[in-house]
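These notes go through the model point by point. Please read them with the structure open beside the text.

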Amino acid sequence: MASVLILMGSQSDWPVMQAAARMLKDLGVSWEARVVSAHRTPDLLASTMREAEQSGVRVVIAGAGGAAHLPGMLAAFTYLPVFGVPVPSKQLKGLDSLLSIVQMPKGVAVGTLAIGEPGAANAGLLAAQVIATTEPNVRARVQAFREAQREKVVANSKLDLD
């Protein structure tokens, strides 16, 4: 199995969650994506986490919308770090998802990211940073990414009225 497991509550979450996959790919981190529903497939959720622990997954990224119970349920079944990405919903544009994911009880930790694609991309970056603590090649790519970000800002730092 891959270093990072990206899970989502339904296939419709993939347009948002693929931002995490793209970031991981760009940073040279292996990933796998699956659909696992906290409400419709709880047994699959539990077995997926057992399999992830046994196969060397280092970080789990979970995207969920609406009630957004997936990240918290995953965290309840594993010692692996879980990063939750609130997927925008039609009714409340992801605010409901954000509040659901961020309100974890003491003792069940989920790192909560921003709503939508920015949060998914940052979840991928954060997962890569975790892996970079023990993998120098990933560390070098994360550092290069950060330097490229810095250079973009510096290159566009001068504003003009023309």
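1. Salt bridges, definition and count. A salt bridge is taken here as a side-chain nitrogen of Lys or Arg within 4 Å of a carboxyl oxygen of Asp or Glu. By this rule the count comes to four salt bridges. In general terms, side chains of opposite charge can pair when their charged atoms come close.

2. Basis of the values. This is a predicted model, in which local features need pLDDT of at least 70 and side-chain atom pairs count only at pLDDT 80 or more, while totals for chains, interfaces and linings use all residues. Residues are numbered from 1 along each chain as its sequence is written, and side-chain values use heavy atoms, with hydrogens and water left out.

3. Salt bridges around R34. E51 forms a salt bridge with R34, and the closest N and O atoms are 3.0 Å apart. This pair links distant parts of the chain, with E51 in helix α2 (residues 42-55) and R34 in strand β2 (residues 31-35), 17 residues apart. Helices (H or I, at least four residues) and strands (E, at least two) are DSSP runs, numbered from the N terminus. R34 also meets the side chain of E32 in a salt bridge, at 2.7 Å from N to O. Through shared partners, E32, R34 and E51 are joined into one network.

4. Buried means under 20% relative accessible area, exposed over 50%, and partly exposed in between (1.4 Å probe, protein chains only). E51 counts as partly exposed because its relative accessibility is 36%. E32 is partly exposed too, with a relative accessible area of 26%.

5. The pair E135 and R58. Where do the two partners of this salt bridge lie in the chain? E135 forms a salt bridge with R58, the closest N and O atoms being 3.4 Å apart. E135 is in the loop between α5 (117-132) and α6, and R58 is in the loop between α2 and β3, 77 residues apart. E135 is partly exposed at 26% relative accessibility, and R58 is partly exposed with a relative accessible area of 26%.

6. The sheet. Five strands form an open sheet with the order β2-β1-β3-β4-β5 and parallel pairing. Strands β2 and β5 stand at the edges, each with a single partner strand, so one side of each has no neighbour in the sheet. Two strands count as paired if DSSP finds at least two bridges between them. β1 and β2 pair over five bridges in the parallel sense, and V4 stands opposite W31 in β2.

7. Strand β3 and its partners. β3 (residues 59-65) is mostly covered, with six of its seven residues buried. Strand β1 (residues 4-8) pairs with β3 in the parallel sense over five bridges, with L7 opposite A62 in β3. β3 and β4 (residues 82-87) pair in the parallel sense over six bridges. V82 in β4 is the bridge partner of V60. From β3 the chain crosses through helix α3 (residues 70-76) to β4, and this β-α-β crossover is right-handed; the term applies if, with the strands pointing away from the viewer, the path from the first strand over the helix to the second runs clockwise.

8. Helix α4. In α4 (residues 95-102), D96, S97 and I101 are buried. Seen down the helix axis, the buried residues of α4 fall within an arc of 125°, so they line one face of the helix; the arc is that of the directions from the helix axis to the C-beta atoms. These buried residues pack against β3, α3, β4 and β5 (111-112), where contact means heavy atoms within 4.5 Å.

9. Helix α5. The 16 residues of α5 should span 22 Å at 1.5 Å a residue, and its end C-alpha atoms are 22 Å apart, which agrees. The expected span is 1.5 Å times one less than the number of residues. Buried residues of α5 include G119, L125 and I131, and what covers the buried residues of α5 includes β1, α1 (14-26), β3, β4 and α6.

10. Positive phi values. A68 has a positive phi of about 55° although it is not a glycine. A68 lies in the loop between β3 and α3 and counts as buried at 5% relative accessibility. K93, in the loop between β4 and α4, has a phi near 55°, a positive value in a residue other than glycine. K93 counts as exposed at 61% relative accessibility.
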